[in-house]
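Welcome, and thank you for taking a look at this protein chain with me. Please keep the sequence and the 3D view open while you read, and follow along one place at a time.

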Amino acid sequence: MRPTYDVIVIGGGGSGLAAAVSAAEHGASVLLLEKQSQPGGTTGIAVGSFSANRTRLQQQAGIRDDVDAHAEDAGKFAPADIEARNAETLRRFFLSHSAETLHWLMGMGLRFRGPNPEPPNRVSRMHNVVPGAKAYIATLQARLLREGGTTLCDAPVEALLKDDSGVTGVVASVKGVRAEFGAVRGVVLAAGDYANAPELIGRFKGDRFTGIEGINPHAGGDGHVLAEQAGARLVNMDITYGPEIRFVAPEGRPFQQLLPTRGPFASLVGKLTPFVPQFVMVMMIRRLLVTWQHPEDALFDDGAILVNADGERFCDETTWPDREIAVAQQPDKVCYILLDERMSERYSRWPHFISTAPKIAYAYVADYLKLRPDVTTAGPLKAVADRRGIPAAALQFTVEACNRERAGTGQPPLKGDRWVLFGPAKAYFTTTEGSAAINQEFQVLDENDRPIPGLYAVGQNGLGGQILWSHGLHIAWAMTSGRLVGKMLGARGQER
């Protein structure tokens, strides 16, 4: 006889943990299945911003806000043709519950700094978790354990169980052994996006994008595949955030991943953070910038060139997304960004920066030299080439060829004694906006917009057509959708 739970959650990232915790808090027996050896998902490697309106922290800062204003501002981030495809009613519903979710997380002991500005938001709405995004994971894990929930890792779900009544459970491979689990109230899909799923990317976005990797290598679209197999209608599957060029992350854990999230020291860090001088917080955020943020497109508009590991230029740097597609076709999918002396000076001070978290922190050439010496080299052209293992003669030839091409065009030639070489870098998808269609009860809908009984979706599996193109909205949706579906499924037992 197979083990049976009230609720089964597939995926142990932010949305899955929030759903499991919320369901357990409302009295449901919960099984969470995670395919990796530990929970975390994309939430666990994010910066951790949470955008919300009408929050206590806004009130403490004297900020007056409302759902209508937030909904209007949220529509200003994406290009008009993409924003036109947004599920407005669902996004407004989400934003109306965002503050409740933030306060729910704060009630578990999570602390936030902010709110911080993020134009074009008219007021500050971005709340940054302290000390970083893995605090969500550690706190929710601990809460689920206290609430009696069960977590199984190394347990990818291979199929959904169905009968005439709908979805009734799952088939998983638990540490390599096939196992079936029953779900009385529902199965919740919370398995993250498909940024690193070439088959799905190729099907919905086009074959020319299949060589581009996801920033999270484990984002394989598992939940999307399960939803489609169950008869779900998928929406906005061609919409992705990216591709964009990002520097390869340093080996080991980035700075914010080293900070504590549990125990007395973590509590002390959280309590002291509001009193940390702004310049110290900016230094911390700048370290995150040089690790995770993409270099600005302005670099290429100003004349920076891209070369591969052989020192060869391979594309028109000003054309997106052809530029990123070309990067993915280079040896090892790696490229390097070359700045001459003029540009290295230009990008050493405001208003010209390499990367930014708008109106919070800016990273310049010196910041990358100091904080990312693994991807940044400065000096004579031959020296920077030698340090990165690029044939110096080939790089010199490339520069000369570029200058001949620019002659008479008004573009300044590349020259000088001090060059800056950034890389290795790759083209990545940051996240994806496609998902199963859902209603406001998080039920997955079929091709005729009818609920598939017993199947629910949250987070990136259940965006439901929303466009969430600003910092902090994806995590806010992950936590909010998880909290609400868990509350709803937990309450069903109380109704009996």
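**A walk through the chain**

Ala133 counts as buried, because its relative accessibility is 0% (buried means under 20% relative accessible area, exposed over 50% and partly exposed in between, with a 1.4 Å probe and protein chains only). You will find Ala133 in the loop between strand E5 (126-130) and helix H6 (134-146). Helices (H or I, at least four residues) and strands (E, at least two) are DSSP runs, numbered from the N terminus.

Before going further, a word on what you are looking at. This is a predicted model, in which local features need pLDDT of at least 70 and side-chain atom pairs count only at pLDDT 80 or more, while totals for chains, interfaces and linings use all residues. Residues are numbered from 1 along each chain as its sequence is written, and side-chain values use heavy atoms, with hydrogens and water left out.

Now step back to the whole chain. It holds 17 helices and 23 strands. Its radius of gyration is 24 Å, close to the 23 Å that the globule rule gives for 496 residues, so the chain is as compact as a globular protein of that length. The radius is taken over C-alpha atoms, and the globule rule is 2.2 Å times the number of residues to the power 0.38. Along the principal axes, the C-alpha atoms fill a box of roughly 80 × 50 × 40 Å. Of the 496 residues, 58% are buried. Among contacts (heavy atoms within 4.5 Å) between residues at least 6 apart in sequence, 74% join residues at least 24 apart.

Helix H1 (residues 14-25) and H6 pack at an angle of about 30°, with their axes 9 Å apart. Axes are lines fitted to C-alpha atoms, for helices over the stretch in contact, and angles run from 0 to 180 degrees between N-to-C directions. The angle makes H1 roughly parallel to H6 (under 35 degrees counts as roughly parallel, over 145 as roughly antiparallel, 65 to 115 as roughly perpendicular and the rest as oblique). On the H1 side, the residues in contact include Leu17, Ala18 and Val21, and on the H6 side they include Ile137, Leu140 and Leu144.

The axes of helix H3 (residues 67-74) and helix H5 (residues 88-107) come within 9 Å and cross at roughly 130°. That makes H3 oblique to H5. Val67, Asp68, His70, Ala71 and Ala74 of H3 meet Glu88, Arg91, Arg92, Leu95 and Ser96 of H5.

Next, look at some details of the backbone. Pro115 and Ala133, where we began, are 18 residues apart in sequence and 16 Å apart in space, C-alpha to C-alpha. Another cis peptide bond runs from Pro119 to Pro120, with omega near 10°; Pro120 lies in the loop between E4 and E5.

Which value of phi does Asn236 have? It is near 60°, a positive value in a residue other than glycine. Asn236 belongs to the loop between strand E11 (234-235) and strand E12 (240-241), and it counts as buried at 11% relative accessibility. Phe442 also has a positive phi, near 65°. Its place is the loop between strand E21 (435-436) and strand E22 (443-445), and Phe442 is buried, with a relative accessible area of 2%.
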